[in-house]
Amino acid sequence: MLLRLKEIIQWTRMTAFELFLHLLSILIFSVLVAAKIEGHLGASWSTIFSPLFICDGLNAYLCLIVFVRQYREYDLKQASLRVASSLAVIGLIFTFKLLLCQKLVTGNLSCSEVFAPLFVLSKILMIRACRMH
Amino acid sequence: MAAVHKALFTWFIILVFFIIFVLRADGKVECNWFLIFIPMWLFDGAVITYIIVNIIMHFRSAYNPNVDRNDMTKRRKYALVICTLLKLVFQFLLCLRLENFNISLYFVLIPLWTLFIAGLVDNFCVLIARHPYR
């Protein structure tokens, strides 16, 4: 709303397709969460979180495809830097989702522990924001 | 407003919100959920003001009546105001739910789902467009 799609892509360094996958997975997840909390769905929390995990898996797969293509067409250094930064972000998002799932299943994690990957991610996003044109 | 300023403003607001949210969720502070969402209210206020100023500038500009210099139409700007209002409604209903009001979670999430579906359709149009980015 404040940022245009082009600026979001420039800031987060995700492609429009990756953002599309994230939006779709969160939409499906929110529907499942609502159904579970309102008592219309008896699935486990791991099943509820599966759209989010599938989305991260697909994003990591896309990153690897981009790495291979970039490596073949350009050079190894550029491709390695891109894949490392993308996988770091995907890894942090995946860790957050995994910890949130663990907290909901077992309940013995504090919220600050669950949000720790997001705070690390926020540092990365701050650096990327400062490097925007 | 340059993209870097918008990105840093968004980043700062979200970071402050996360910190306050974590403190409240861990029980370190005991205050109303409407107060926890203050960064988000401020952010939405700033966004609505920004878009309305943009719409006024669009009406007063002699550049092109249909699109502004960022290729944004008036209809798109009206849609952005509606999206921001949907986000505000979602946050308000979520705060009510967290304050133990008896509202179904489906009703709380309807504005968010509408917003997500609009975002998905817009993103899909961008993905299949010949000149993709807006």
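Select B:Asn100 to begin. In this predicted model, B:Asn100 sits in the loop that joins α4 (74-98) to α5 (105-128) of chain B. Its phi is positive, about 65°, although the residue is not a glycine. Is B:Asn100 buried or exposed? B:Asn100 is exposed, because its count of other C-beta atoms within 10 Å is 8, and a residue with 12 or fewer is classed as exposed.

Next, select A:Arg13 in the other chain. A:Arg13 also has a positive phi, about 60°, and is not a glycine. The residue belongs to the loop between α1 and α2 of chain A. A:Arg13 has 16 other C-beta atoms within 10 Å and is therefore partly exposed.

**The whole of each chain**

Colour chain A by secondary structure. Chain A contains 5 helices and 0 strands, and along the sequence its pattern reads α-α-α-α-α. Taken along the principal axes, the C-alpha atoms of chain A fill a box of roughly 50 × 30 × 25 Å. Of its 133 residues, 16% count as buried. Among the contacts in chain A with a separation of 6 or more, 51% are between residues 24 or more positions apart.

Now apply the colouring to chain B. There are 5 helices and 0 strands in chain B, and from the N terminus its elements run α-α-α-α-α. The C-alpha trace of chain B spans about 55 × 30 × 25 Å along its principal axes. Buried residues account for 13% of the 134 residues in chain B. For chain B, 47% of the contacts with a separation of 6 or more involve residues 24 or more positions apart.

**Annotated segments of chain B**

Two of the stretches may be inspected individually. Residues 7-27 of chain B are 90% helix and 0% strand, and the C-alpha atoms at the ends of this span lie 30 Å apart. For residues 78-99 of chain B, the end C-alpha atoms are 32 Å apart, and the span is 95% helix and 0% strand.

**Where the chains meet**

Show the residues of each chain that touch the other.

The contact of α5(A) with α1(B) has 14 nonpolar, 2 polar and no charged residues.

**The nonpolar cores**

Select A:Leu2 together with B:Phe37, B:Met40, B:Phe43, B:Val47, B:Ile51 and B:Leu80. These 7 residues make up the largest nonpolar core. Helix α3(B) gives the most to this core, with 4 residues. Centre the view on B:Leu80. Which residues does B:Leu80 touch, not counting those up to four places away in sequence? B:Leu80 touches A:Met1 and B:Ile51.

Another core, of 6 residues, lies apart from the largest one, and its members include A:Ala34, B:Leu93, B:Val108 and B:Leu115.

**A last selection**

Finish at B:Val53, which is located in helix α3 (residues 38-60) of chain B. B:Val53 counts as exposed because it has 11 C-beta neighbours inside 10 Å. Draw a distance from the C-alpha of B:Val53 to that of B:Asn66: the two are 17 Å apart in space and 13 residues apart in sequence.

Methods:
Residues are numbered from 1 along each chain as its sequence is written. Chains are lettered from A and ligands numbered from 1 in the order in which they are written. This is a predicted model: local features need pLDDT of at least 70, side-chain atom pairs count only at pLDDT 80 or more; totals for chains, interfaces and linings use all residues. Ala, Val, Leu, Ile, Met, Phe, Trp, Tyr, Cys and Pro count as nonpolar, Asp, Glu, Lys and Arg as charged, and the others, Gly among them, as polar. Helices (H or I, at least four residues) and strands (E, at least two) are DSSP runs, numbered from the N terminus. A residue is buried if 20 or more other C-beta atoms lie within 10 Å of its own, exposed if 12 or fewer, and partly exposed in between; C-beta atoms are placed from the backbone. A nonpolar core is a set of buried Ala, Val, Leu, Ile, Met, Phe, Trp, Tyr and Cys residues joined through C-beta atoms within 7 Å. Two residues are in contact if their C-beta atoms, placed from the backbone, lie within 7 Å.
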